[in-house]
Amino acid sequence: MYQLIKKILFRAQPEKIHHTVMRGMKIIYALPFGKNVLRAFCDVKTEGLEKELFGLHFSNPVGLAAGFDKDAKYIDELACLGFGFVEIGTVTPLAQPGNDQPRLFRLPADQALINRMGFNNEGAAAAAKRLRHKKSNIIVGGNIGKNKNTPNEEAVSDYEKCFHALYDVADYFVVNVSSPNTPNLRALQEKEPLKQLLHHLQLLNAQKLKPKPILLKIAPDLTNEQLDDIIEIVQETKLAGIVATNTTISREGLATPAATIAEIGAGGLSGLPVREKATAVIKYIHQRSHGTIPIIAAGGIFTAADAQEKLDAGASLVQVYTGFIYEGPTIVKKICAGLRR
């Protein structure tokens, strides 16, 4: 049924229809028995799929990646769809509008998206306020970044502000230095600035009564030498793990006409074209670290087979985003059913 509905949804501008659909789901959730209807439609059998990681109990290994619910507006509604965890953000200390629209584009021929959102969000304080009022007990990750106008030399301060703002309401944190849509952000993946940033956050974390797991989200475009540096830094700073991977700036091997890609312009590519690249990064990190670094996999996960590929490569959990758009609200149910089999 969703494949039929998708044809209608895909006629609308992607960002606009995203907000329309999510507002609609919020209305359904608020109706008498609406919550039960959503749960019945997307009922997930979790027996045998529970996972203990970072000192947290995940009901199943399928989460929603950052970028979908940037401002934590739909946590309870998304919990009804069966997700084992939801990652909000990327949030920044101050609210910012992000890049000019249009900034989200579908590539149906490739089952992919290109986005250059630019960390559009209402700020860390607004997200924290919403999370304080969530009703479900779903695990929530806080994906944090820096404001566009903050120079890299002062980026540590932005991440610190986000960490403090979300500390009481997030179950784990993800440091995002890998989005291609904030100018110069990826420079923070270089060895020295990254080491300084992560050491600082871990120092703040250690001062808390109950430290939270902090993970690092990396790009799929890093060389093996850069990945070696990442592994060294994660181990040195005793980070909880890695999220692999973010979107790619590559446009290789796409079925979408080159003229269309050129017209769309800059942005991060997600979906099936990233699947193999993300899996390769996960496998490399897992093997080079001898399995000592927990990995949350993201990139091209549409089916149970895609999820199993990531788990076989060394991931402990998986996240969907583009697959959610293309496969619909029962994606978690289908992936979990396949994994159980």
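**View 1. Lys208 lies over the face of Tyr167.** The distance to the ring centre is 4.5 Å. A charge counts as over a ring if NZ of Lys or CZ of Arg is within 6 Å of the ring centre and within 35 degrees of the ring normal. Lys6 lies over the face of Phe10, at 5.7 Å from the ring centre. This is a predicted model, where local features need pLDDT of at least 70, side-chain atom pairs need 80 or more, and totals for chains, interfaces and linings use all residues. Residues are numbered from 1 along each chain as its sequence is written, and side-chain values use heavy atoms, without hydrogens or water.

**View 2. Phe54 and Tyr172 form a tilted aromatic pair.** Rings of Phe, Tyr and Trp (its six-membered ring) pair if their centres lie within 6.5 Å; planes under 30 degrees apart are stacked, over 60 edge-to-face, the rest tilted. Here the centres are 6.5 Å apart and the planes meet at 40 degrees, so the pair is tilted. Phe54 and Tyr172 are 118 residues apart. Both are buried (under 20% relative accessible area; exposed is over 50%, partly exposed in between; 1.4 Å probe, protein chains only). Ring pairs link Phe54, Phe58, Phe85 and Tyr172 into a cluster.

**View 3. Phe163 and Phe173 form another tilted pair.** Their ring centres lie 4.8 Å apart, with 50 degrees between the planes. Phe163 is in helix 6 and Phe173 in strand 8 (DSSP runs numbered from the N terminus: helices H or I, at least four residues; strands E, at least two). Both Phe163 and Phe173 are buried.
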